[in-house]
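Below is a short report on one protein model.

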Amino acid sequence: MKKEERYLFPADYMADPSVHVFNGRLYIYPSHDRESGIPENDNGDHFDMNDYHVLSTDDVMHGEIVDHGVALKVADIPWAGRQLWDCDIACKDGKYYLYFPLKDRNDIFRMGVAISDKPEGPFIPQPDPIRGSYSIDAAVFRDDDGSYYMYFGGIWGGQLQRYRDNKAIESPCLPADNEPALPSRVVKLSDNMLEFAEEPRPVIVLGEDGKPLFAGDPHRFFEASWMHKYKGKYYFSYSTGDTHLLCYAVGDNPYGPFTYQGVILTPVVGWTTHHSIAEYKGKWYLFHHDCVPSGGKTWLRSLKVVELEYDEEGKIQTIKGSAD
Ligand code: FUB
């Protein structure tokens, strides 16, 4: 039997939903897709988004989804070049920090921060990107001890292949298929939430043989990091990009290593697959997107939600995507 699912916001094209619960209400921080006319390419130039809206609800499967309007736009970010991609948020001491990847004027992705007193914004951007930041897809996780960690990175258009050991390299390249895959990164945030508190570290995903997944493995990391905790374990989930899966791996602490567990979502209609996982009112949900409503236009994506279930051992039950 097909699981109940919902297109969350049919009025507009949005993608990459990062979801958090603040003050008992569920908030969605998506990318805001638009028709820019830029032709599709492997660099992702056609994902030419220039603002964010924040959505919220108190009933995930059936309630009204409120659009709080423009929360941040490229035109207001002092260091902006182009392309606002997948963002995420954290709340600390009553302030809300929105983390966003954006290309600077040299066409290099950096991570910015913008601040608000309210979860729906508007957010005021800091004058400069976070020092030492690079690549895309910020996901911020608050651990139970009050520490905040940012997971980030994405290959191909996300530019992760330009870096080794957090330094730009002269000739960007991907590892060969029989070499360890390029990992996502994790970094603790500073007390003021505006900087990295340390050097980013690699997020290692180990296979059954206890070795890091190879670059040629269809389950290796590509982009869209997410972290959630379930029954004391750390669940690192991600998109495999060109093999179009959402996968996950489990570890004992926020830095990993994480051991590969399986597929969360099989391929959806569209090219990208990107998600978040959140608990609300006692149920777990997978938020993601596909391109069914736009008739398969990969740059015009629509937000979706479906309930996520675990078995008794904490394994996530695989959900069928719209292309499966
Ligand atoms: O939305 C632009 C990019 O597409 C995201 O940053 C990636 O994760 C992919 O979903």
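## Cis peptide bonds

Pro-257 sits in the loop between β19 (246-251) and β20 (258-265). Strands here are DSSP runs marked E of at least two residues, numbered from the N terminus. A cis peptide bond joins Gly-256 to Pro-257, with omega about 5 degrees. Another cis bond joins Gly-121 and Pro-122, where omega is also about 5 degrees. Pro-122 is placed in the loop between β8 (109-116) and β9 (124-125).

This is a predicted model: local features need pLDDT of at least 70, side-chain atom pairs count only at pLDDT 80 or more, and totals for chains, interfaces and linings use all residues. Residues are numbered from 1 along each chain as its sequence is written, and side-chain values use heavy atoms, with hydrogens and water left out.

## Positive phi values

Most residues other than glycine have a negative phi, and most peptide bonds are trans. Asp-165 has a positive phi, near 50 degrees. Its place is the loop between β12 (163-164) and β13 (167-168). Asp-165 is exposed, at 67% relative accessible area. The cut-offs are under 20% for buried, over 50% for exposed and partly exposed in between, using a 1.4 Å probe and protein chains only.

Met-193 is not a glycine, yet its phi is positive at about 70 degrees. It lies in the loop between β14 (184-188) and β15 (201-203). Met-193 counts as buried because its relative accessibility is 1%.

## The ligand and its shell

Which residues are around the ligand? They are Asp-16, Ser-31, Met-49, Trp-85, Asp-86, Asp-137, Glu-223, Thr-272, His-274, His-289 and Arg-301. By class, the shell has two nonpolar, four polar and five charged residues. Ala, Val, Leu, Ile, Met, Phe, Trp, Tyr, Cys and Pro count as nonpolar, Asp, Glu, Lys and Arg as charged, and the others, Gly among them, as polar.

An N or O atom in the Asp-16 side chain is 2.5 Å from a ligand oxygen. For His-274, a polar side-chain atom lies 2.6 Å from an oxygen of the ligand. For Arg-301, the distance from a side-chain N or O atom to a ligand oxygen is 2.7 Å. On its own the ligand has 270 Å² of accessible area, and the protein covers 99% of this. Accessible areas come from the Shrake-Rupley method with a 1.4 Å probe; for residues, only the protein chains shown count as cover.

## Two buried residues

His-20 lies in strand β2 (residues 14-22). It counts as buried, at 16% relative accessibility. Its side chain makes a polar contact with the side chain of Asp-88 at 2.8 Å. A polar contact is a pair of N or O atoms within 3.5 Å; within protein, one must be able to donate a hydrogen and the other to accept it, and residues adjacent in sequence count only if both atoms are side-chain atoms. Residues that His-20 touches include Tyr-27, Val-140 and Trp-226. Contact means heavy atoms within 4.5 Å.

Phe-222 is in the loop between β16 (205-206) and β17. It is buried, at 2% relative accessibility. Among the residues it touches are Trp-156, Asp-242 and Trp-271. Phe-222 and Asp-242 are 20 residues apart along the chain, and their C-alpha atoms are separated by 7.9 Å.

## Salt bridges

Side chains of opposite charge can pair when their charged atoms come close. The whole structure has 19 salt bridges. Each is a side-chain nitrogen of Lys or Arg within 4 Å of a carboxyl oxygen of Asp or Glu. Lys-229 pairs with Asp-144, the closest N and O atoms being 2.9 Å apart. This pair links distant parts of the chain, 85 residues apart: Lys-229 is in strand β17 (residues 223-230), and Asp-144 is in the loop between β10 (139-142) and β11 (148-152). Lys-229 is partly exposed at 22%, whereas Asp-144 is exposed at 63%.

Asp-290 forms a salt bridge with Lys-304, at 3.0 Å between the closest N and O atoms. Asp-290 lies in strand β22 (residues 283-290) and Lys-304 in strand β23 (residues 302-307). Both residues of this pair, Asp-290 and Lys-304, are buried. Elsewhere, a network of salt bridges links Asp-45, Arg-82, Lys-103 and Asp-107.

How values were computed: Helices (H or I, at least four residues) and strands (E, at least two) are DSSP runs, numbered from the N terminus. A residue is near a molecule or strand if one of its heavy atoms lies within 4 Å of it. Lists of a residue's contacts leave out its neighbours within four places in sequence.
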